[in-house]
Amino acid sequence: MSKVISAHAVSVDGYITGRSPGPGRGIGDGTSLFDWYGDGDTPSQLFDGFSLSEPSAQIFDTLAGRVGAVVAGRNTYEDSGRFGGGSPHPTAPVFVLSHRPAPEMSEQQTLVTSGIEDAVAAAREAAGDKDVSLMGGGVLTAALKAGLVDEVVLHQVPVLLGAGRRFFQELPEHVQLRLLGAVPAPGVTHLRYAVVR
């Protein structure tokens, strides 16, 4: 059965953007979170233009190869230039979770305004036997609250950004995690956790 996963580059102090993220500004001054995408000599097999270290390429391509659909939050969608009319994943459709109308979307994009459960259900159907990937702190928080998340992957970058958008937002109770793997790589440590239910 497919899983619901969340994999994000995150600073040691828990930010997924730097200061002043937004449309036309991307993740603000937090671009160092993605330096590891291009600091190696191993090309990604799935993402054109990514050249990672060998351990990062192995982790990244394995995770990306599992993804059959993406659920992204509205902030992530807008800050990313609406994914250029496509998806953040080369082959997976994106479901944008929002409580407000959005501009016209492409065939690869679907707006979901009825909540995280419906967004994940639609993404699961589109993904088939592949996994659903969550993008954005708000989407992850809503999915954790609803008990929908199976795995959380932190690509932890050794930087303290000091401000920006936090990855984890306030939760009503503790969420226990079990470490599945930790892989150190140049400029990043890949931490993979199962959500304990």
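This is a predicted model: local features need pLDDT of at least 70, side-chain atom pairs count only at pLDDT 80 or more; totals for chains, interfaces and linings use all residues.
Residues are numbered from 1 along each chain as its sequence is written, and side-chain values use heavy atoms, with hydrogens and water left out.

Ser87 sits in the loop between α2 (74-79) and β5 (94-97); helices (H or I, at least four residues) and strands (E, at least two) are DSSP runs, numbered from the N terminus. With a relative accessible area of 16%, Ser87 is buried, where buried means under 20% relative accessible area, exposed over 50%, and partly exposed in between (1.4 Å probe, protein chains only). Apart from neighbours within four places in sequence, Ser87 is in contact (heavy atoms within 4.5 Å) with Val70, Ala92, Pro93, Val94 and Gln108.

Beyond four places in sequence, the contacts of His190 include Trp36, Ile59, Leu154 and Gly181. His190 and Val157, 33 residues apart in sequence, are separated by 8.9 Å from C-alpha to C-alpha.

Ser56 leads on to helix α1. The 13 residues of α1 (residues 54-66) should span 18 Å at 1.5 Å a residue, and the end C-alpha atoms are 19 Å apart, which agrees; the expected span is 1.5 Å times one less than the number of residues. Where do the buried residues of α1 point? Ser56, Ala57, Phe60, Asp61, Leu63 and Ala64 are the buried residues of α1. They cover an arc of only 165 degrees around the axis, which puts them on the same side of α1; the arc is that of the directions from the helix axis to the C-beta atoms. An α-helix has 3.6 residues a turn, so residues three or four places apart point the same way.

Nonpolar packing comes next. A nonpolar core is a set of buried Ala, Val, Leu, Ile, Met, Phe, Trp, Tyr and Cys residues joined through side-chain atoms within 4.5 Å. The largest has 25 residues, of which Val71, Ile116, Val132, Leu134, Val149 and Phe167 touch the most other members. Elements giving two or more residues to this core include β1 (4-11), β4 (67-73), α3 (116-127) and β10, and α3 gives the most, with five residues. Phe167, leaving out residues up to four places away in sequence, touches residues including Val10, Tyr15, Ile16, Leu140, Val152 and Leu154. A second, separate core of 15 residues includes Ile27, Ala64, Val157 and Leu161.

Finally, charged pairs. Side chains of opposite charge can pair when their charged atoms come close. The structure holds nine salt bridges, each defined as a side-chain nitrogen of Lys or Arg within 4 Å of a carboxyl oxygen of Asp or Glu. Asp79 and Arg165 meet in one of them at 2.3 Å, N to O. Asp79 lies in helix α2 and Arg165 in the loop between β8 and β9 (177-185), so the pair ties together parts that are 86 residues apart in sequence. Asp79 is buried at 12% relative accessibility, whereas Arg165 is partly exposed at 28%. Another salt bridge joins the side chains of Arg192 and Glu151 (3.0 Å, N to O). Since Arg192 lies in strand β10 and Glu151 in strand β8, this pair ties together parts that are 41 residues apart in sequence. Arg192 is partly exposed, with a relative accessible area of 32%, and Glu151 is buried, with 1%. Both residues take part in a network of salt bridges that links Lys3, Arg66, Asp131, Glu151 and Arg192.
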